[in-house]
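Hi there,

Here is the structure I promised to pass on. Please open it beside this email, and I will walk you through what turned up.

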Amino acid sequence: MNNHDITLKINGEEHKVTVPANRLLLDVLREDLQMTETKYGCGTGECGACTVLVEGNKNICSCVTLAATMDGREITTAAGLEKDGELHPVQEAFIDEFAVQCGYCIPGMVLKTVSMLTENPNPTEEEIRHGLEGNMCRCTGYTKIVKAVQKASQIMAGSES
Amino acid sequence: MSNFKTVGKSERKLDARGKVTGKTIYVDDLQMPGMLYGKVVRCYEHAHARVKKLDLSKAAAYPGVIKVLGPEDVTQKEYNNSVIPLMVPEEMQQVLGDIDDQKIFTKHVKHYGDAIAGIIATSAEIAEKAAEKVIVEYEPLPVYLTSEESRQPDAVQFVEGKPGNLAFELPEPVFPNNTMGWGDVDDAFEEADFIVEDEFYVPKQKQCQMEPNTYIAMYDEEERLHCWTSTQMPKSVQRTLSKLFEVPMHKFKLHTATIGGGFGARLGMILEPEVCAMALAVPGRHIKLQSPREEDWLTSPSRHPGRYWMKIGFKNDGTPVACDAKFVSYKGGYYLDGSGVAYTTGGWLSAMYKWGALRYKGETYFTNQPICGAFRGYGNPQTNFAMEQLVDRACNKLDIDPVEWRKRWHKDVGDDGWCAGVPLSSCALDECLDRGAEAIGWKDKRAKYAKQSGTIRRGVGVGVMTHTSGASPMLLEHTVSTVKLNEDATAVVTLACTDMGQGSHTTLRQVAAETLGFPVEDVYMNVDDMDAAGYDIGAHASRTLYVGGGSVKAACEDAKRQLFERAAGILEANPDDLVMEDKNIFVKGSPDKSVAAEEITKAGVYNFLNPETGGRDKEPGQIQGYSSYFPAHNSPPFGACFAEVEVNTETGEVKILEAVNATDIGKAINPAIAEGQLDGGAHQGFGFALTEEMYFDKDGKCLNNSFTDYKMLGASDMPKMTDILVENPDPYGPFGAKSVGEGGLVSPIGAIANAIYNAIDVQITEAPITSEKIVNALKNL
């Protein structure tokens with residue numbers, strides 16, 4: 001297996017790693033770089049627990065992404081949304097609306113929401129529900145997650161105006 | 001009316017910040033120095049077979065493999081992954097016939113994915129590759145997927161002492177004729193004007209918690225065995241593993257980790273025995289054992305599927321004169337909660353309505369399906385699916401509004417609940433039904449949907465439930481807690497109650513703060529120190545707030561009493577006359593003369609000596625409150641769910657348009673957290689009713705152990721949910737609280753089934769009610 005020397009810019013910081021061609025981004029994050037905020041849920045891109053953002057807004061499942069294909073790209077994880085101890089409005093909204101129960105899906109869910117609101121800052125409830133498909137939660141029935149996305153959308157609209 | 005400071009408020013979840021940033025640590029996030037990786041070799045060739053030959057030599061020789069373990073290389077003792085045998089008195093274990101029938105690695109494969117060997121290697125990848133080198137020869141045995149097959153006289157016996165593969169039936173000494181109930185059912189049916197009856201099928205539903213099952217274990221230099229686990233029941237698991245591996249309890253350290261969802265799957269053990277056996281084989285090294293997602297369906301317990309016969313006799317005025325029922329479930333390969341679910345399924349049936357007479361039989365048979373055990377609701381969903389549909393069928397014949405019939409015939413305060421001899425302590429089901437009906441627009445919608453003929457039809461349905469708050473007096477409900485008052489008058493509560501994510505540590509902290517009279521921020525929940533924490537039966541039966549909260553309240557009352565006694569000495573007053581505000585203690589009505597709580601807690605440690613005399617002129621010692629708490633009751637909650645659906649009669653597609661989940665909670669300690677339980681419960685209940693089931697081919701191979709093929713409802717499948725918390729304080733629960741964890745799943749099942757019935761005038765008796773079943777039922781009209 002060929003090894004690749006790659007550079008990943010994760011949460012604003014450059015990391016140079018050498019990876020075999022078949023190394024998954026999730027394993028690089030969790031095992032090689034000890035950034036465990038990105039979760040393994042299914043390993044097959046079905047549940048979304050491993051969601052990360054590429055170039056700030058495109059959401060991907062890191063469990064089905066080869067790390068080598070991400071050479072030179074900017075990756076954001078849930079921990080990277082927090083800046084100088086300040087949470088991202090989406091994270092605040094998830095806490096305020098009690099959208100967090102067991103928490104295992106939440107890093108992915110929060111990133112999916114950031115991605116969704118970047119594309120569509122003012123989504124309808126239907127658009128939110130559709131946008132969350134691909135990220136599974138077994139605790140909340142999505143009810144309070146949908147409310148958190150709505151609240152985040154309002155907060156972010158308010159802070160821009 | 002109340003002047004609670006924190007009880008009743010939606011305080012932020014104490015774990016939420018760590019979870020939105022991902023900083024919260026689950027077992028899989030732990031990396032230990034020099035850690036090794038375990039792999040369980042499983043049988044994927046057969047669902048029923050004997051291992052004739054097992055050759056581990058090629059796997060052992062694979063580079064990077066540290067050790068291979070066959071069935072003889074580990075303890076030969078048998079165990080039960082469900083810890084339920086520990087939860088009843090020993091004599092009752094004998095009566096119930098609970099058994100230990102699992103081995104770490106088996107030579108008799110009893111289900112697809114059964115464990116046959118173990119591998120320990122330097123990486124997970126190497127362990128995986130080495131597993132492929134294991135050579136096994138099997139002698140295939142006949143596969144029995146249902147009890148109809150496994151109970152045949154010539155069937156292979158799963159264990160000795162369970163003839164006919166009957167794992168459990170209600171035991172004769174406690175239940176004459178192996179039945180539960182009252183009255184003479186046969187005579188009572190004679191009085192009935194009409195009878196409704198049917199045979200129902202209930203599905204093998206899986207919990208599907210989002211966190212896969214991961215464990216770490218290590219046997220250290222002091223001969224202490226450590227196990228990091230996300231079990232719901234740390235104390236019972238510690239006891240079970242301690243006995244299994246003959247390690248005394250003080251030499252077994254169980255490290256509780258953040259639980260990424262439980263729902264009953266982690267009630268007891270999953271792979272703790274395997275990982276501990278591996279750790280003992282390689283002393284001094286940490287072993288991580290992770291079960292890949294696709295194995296979760298095969299190796300952790302599901303809900304009990306099976307056939308449910310039910311027959312109810314009614315008089316023309318609606319009186320339910322008799323109910324006769326029998327639930328025969330497919331146990332899977334091992335015993336686990338064999339007695340529990342078969343019994344409680346009837347318990348829930350007995351607790352709901354005022355049947356004139358009742359006869360229930362519960363039986364469960366070993367089969368070659370993966371194991372069954374606890375799943376949120378514990379038999380109640382199965383009963384709800386059958387019972388609530390038959391009630392609505394009768395209401396149709398009677399031309400009685402289903403809400404009105406339920407209000408007239410549900411059990412009420414003073415009637416026996418699910419556990420015979422324990423009368424219901426409180427009941428606000430009428431208010432749940434009234435408020436739920438109003439919220440969904442019941443009367444208008446029922447009238448509007450009465451006559452429909454088009455392709456797209458709508459229906460609205462109701463289901464009700466009663467459940468429990470802890471399992472007293474059936475099980476040994478018990479929680480120990482301590483509260484330590486620090487020198488600066490902050491408090492640390494130590495206990496073993498786990499939080500599966502629902503927020504129980506947050507609500508328990510509110511109970512502690514309210515009782516102590518301290519701000520919530522001044523209370524820390526020490527919940528991961530199993531050496532320090534006393535016994536707790538574990539998170540099951542919706543009991544953590546009710547029993548754990550009762551214990552925390554008692555411990556905090558004990559600490560507060562000690563604090564007030566010391567204050568009374570200083571203030572020269574009677575402790576009973578004292579009150580505390582802003583952590584200042586004074587005689588009620590005289591705030592001018594007060595003593596700060598901190599002055600007392602500090603003096604007890606740092607300031608009790610008189611520097612001149614050397615005498616103790618202040619009360620020395622640190623205040624600790626303690627409680628070893630046994631609840632006096634099981635305060636059943638009640639609930640009503642209303643659902644509106646749209647059914648496409650051509651495609652069979654069902655869309656849930658709206659749902660209202662109203663619950664009689666006694667008192668909501670944290671309303672937002674309680675709502676979260678209703679929302680999540682409804683999601684799983686709707687799934688049971690509409691989409692969720694594990695499927696097998698004729699050889700017992702599971703066909704849908706993946707998130708793509710096992711269909712849970714997604715965000716856009718879920719309707720607008722309205723949660724209604726009906727507060728009618730219970731006389732036994734802490735601050736009047738009853739449970740909310742499981743019940744929210746139960747009534748949505750009846751509500752969806754009845755809404756579909758309302759829409760298409762046909763009842764589907766097999767869950768989940770898939771599109772195919774609807775189309776076929778309509779075709780056969």
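Let me begin with a residue of chain A: A:Glu125 is partly exposed, with 34% relative accessible area. Please keep in mind that this is a predicted model.

**Salt bridges**

A:Glu125 forms a salt bridge with A:Arg129, and their closest N and O atoms are 3.0 Å apart. The two sit four residues apart in helix 4 (residues 125-132) of chain A, so about one helical turn separates them. A:Arg129, for its part, is buried, with a relative accessible area of 8%.

Another pair links the chains. A:Arg30 forms a salt bridge with B:Asp28, with 3.1 Å between the closest N and O atoms. A:Arg30 belongs to helix 1 (residues 25-32) of chain A, while B:Asp28 lies in the loop between helix 1 (16-21) and strand 1 (36-42) of chain B, so this pair joins two chains. Both partners count as buried: A:Arg30 has a relative accessible area of 5%, and B:Asp28 has 10%.

Within chain B, B:Glu766 forms a salt bridge with B:Arg307, the closest N and O atoms being 3.6 Å apart. B:Glu766 is in the loop between helix 19 and helix 20 of chain B and B:Arg307 in strand 14 (residues 306-314) of chain B, so the pair ties together parts that are 459 residues apart in sequence. B:Glu766 is partly exposed, at 30% relative accessible area.

How many salt bridges are there over all chains? The count comes to 57. Some are joined up: B:Lys445, B:Arg458, B:Glu644, B:Glu646, B:Glu658 and B:Lys720 are linked in a network of salt bridges.

**Strands and sheets of chain B**

Strand 17 (residues 456-466) of chain B is mostly covered, with nine of its eleven residues buried. Eleven bridges join strand 17 to strand 25 (residues 638-648) of chain B, and the two run antiparallel. To find your way along this pair, look at B:Val464, whose bridge partner in strand 25 is B:Ala640.

One open sheet in chain B has four strands in the order 20-19-18-24, with mixed pairing. Its edge strands are strand 20 (523-526) and strand 24 (624-629), each pairing on one side only. On average, neighbouring strands of this sheet are turned by 15° against each other, direction ignored. Strand 18 (residues 479-485) and strand 19 (residues 491-495) of chain B run antiparallel and are joined by five bridges; B:Ser481 has B:Leu495 of strand 19 as its bridge partner. Helix 15 (residues 504-516) of chain B lies across strand 18, strand 19 and strand 20, at about 135° to strand 20.

Another open sheet of chain B has three strands in the order 21-22-23, with antiparallel pairing. Strand 21 and strand 23 (590-596) are the edge strands, each pairing on one side only. Here neighbouring strands are turned by 40° against each other on average, direction ignored. Four bridges join strand 21 to strand 22, and B:Met580 stands opposite B:Ile585 in strand 22.

Which helices lie across strand 21, strand 22 and strand 23 of chain B? One is helix 16 (residues 544-571), running at about 105° to strand 21. Another is helix 17 (residues 597-606), running at about 30° to strand 23.

**Backbone details in the loops**

B:Lys583 has a phi near 65°, a positive value in a residue other than glycine. B:Lys583 is in the loop between strand 21 (578-581) and strand 22 (584-587) of chain B. Is B:Lys583 buried or exposed? B:Lys583 is buried, with a relative accessible area of 14%.

B:Glu223 also has a positive phi, near 60°. Its loop runs between strand 10 (214-219) and strand 11 (225-229) of chain B, and B:Glu223 is partly exposed at 47% relative accessibility.

There are cis peptide bonds to look at, too. The bond from B:Ser472 to B:Pro473 is cis, with omega near 0°, and B:Pro473 is in the loop between strand 17 and strand 18 of chain B. The bond from B:Ala767 to B:Pro768 is cis as well, with omega near -5°; B:Pro768 is in the loop between helix 19 (743-760) and helix 20 (771-779) of chain B.

B:Val95 is in helix 3 (residues 90-96) of chain B and counts as partly exposed, at 32% relative accessibility.

Best wishes

Note on methods
Residues numbered from 1 in each chain as written. Chains lettered and ligands numbered in written order. Predicted model: local features only at pLDDT ≥ 70, side-chain atom pairs only at ≥ 80, totals over all residues. Heavy atoms only, no water. Buried < 20%, exposed > 50% of the residue type's maximum accessible area, 1.4 Å probe, protein only. Pairing = 2+ DSSP bridges. Axes fitted to C-alpha atoms, helices over the stretch in contact; angles between N-to-C directions. Contact = heavy atoms within 4.5 Å. Salt bridge = Lys/Arg side-chain N within 4 Å of Asp/Glu carboxyl O.
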